[in-house]
Amino acid sequence: MARSSPYPTDVARVVNAPIFHVNADDPEAVIYVCKVAAEWRATFHKDVVVDLVCYRRMGHNEMDEPMFTQPLMYKQIKKQKPVLQKYAEKLIAEGAVSRQEYEEEIAKYDKICEEAYARSKDEKILHIKHWLDSPWPGELREGFLGLSEISQRSLTRM
């Protein structure tokens, strides 16, 4: 029997995974929830879902013009300040950073991105394996795909 739902996180309910909904406009809340989720996973060795409640400022992808399909919603989105700008203003108002420190960090980050982009033009071979390495220790263990011992031996011979 097929299942469907208007909520993308309902897939987590099938496996009884906890779902943490968090406002993506609040970076500190996102960090906190992600730490809780990672701690949950490390403690109970079970899946967990972090649901970022947010919107796409530029639409679905680079080729999409959301004003055609969702004009009212994207008029509202255009009025919103970007998250980085809101958070920077908050930190500057609290005195946690100065405007100069913020601008220096932005310039450093832009430089890192520009240098990486320039280096990418020299890349001749794409090393997919570097992208596939798991940051979760122990996740890529033998048998994690649920294969039987016989099929694993068969796969190894192939």
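**Note on a predicted protein chain**

1. No disulfides are found here: the count is zero, where a disulfide is taken to be a pair of cysteine sulfur atoms within 2.5 Å. In general terms, a disulfide is a covalent bond between the sulfur atoms of two cysteines. Among the cysteines, Cys54 is exposed at 52% relative accessibility, whereas Cys113 is partly exposed at 34%; buried means under 20% relative accessible area, exposed over 50%, and partly exposed in between, with a 1.4 Å probe and protein chains only.

2. Please keep in mind that this is a predicted model, in which local features need pLDDT of at least 70 and side-chain atom pairs count only at pLDDT 80 or more, while totals for chains, interfaces and linings use all residues. Residues are numbered from 1 along each chain as its sequence is written, and side-chain values use heavy atoms, with hydrogens and water left out.

3. The protein chain holds eight helices and two strands, and along the sequence they follow the pattern α-β-α-β-α-α-α-α-α-α. Both kinds of element are DSSP runs numbered from the N terminus, helices being H or I with at least four residues and strands being E with at least two.

4. Strand β1 (residues 19-23) pairs with strand β2 (residues 49-53) in the parallel sense over five bridges, and strands are said to pair if DSSP finds at least two bridges between them. Within this pairing, His21 has Asp51 of β2 as its bridge partner. From β1 the chain passes through helix α2 (residues 27-44) to β2 in a right-handed β-α-β crossover; right-handed means that, with the strands pointing away from the viewer, the path from the first strand over the helix to the second runs clockwise.

5. Helix α2 also carries both Trp40 and Phe44, which are four residues apart, about one turn of the helix. A search of the whole structure gives one aromatic pair, and Trp40 and Phe44 form it in a tilted arrangement, with 4.5 Å centre to centre and 50° between the planes. Rings of Phe, Tyr and Trp (its six-membered ring) pair if their centres lie within 6.5 Å, and planes under 30 degrees apart count as stacked, over 60 as edge-to-face and the rest as tilted. Trp40 is partly exposed at 29% relative accessibility, and Phe44 is partly exposed with a relative accessible area of 46%.

6. For the protein chain as a whole, buried residues make up 11% of the 158 residues. Of the contacts (heavy atoms within 4.5 Å) between residues at least 6 apart in sequence, 43% join residues at least 24 apart.
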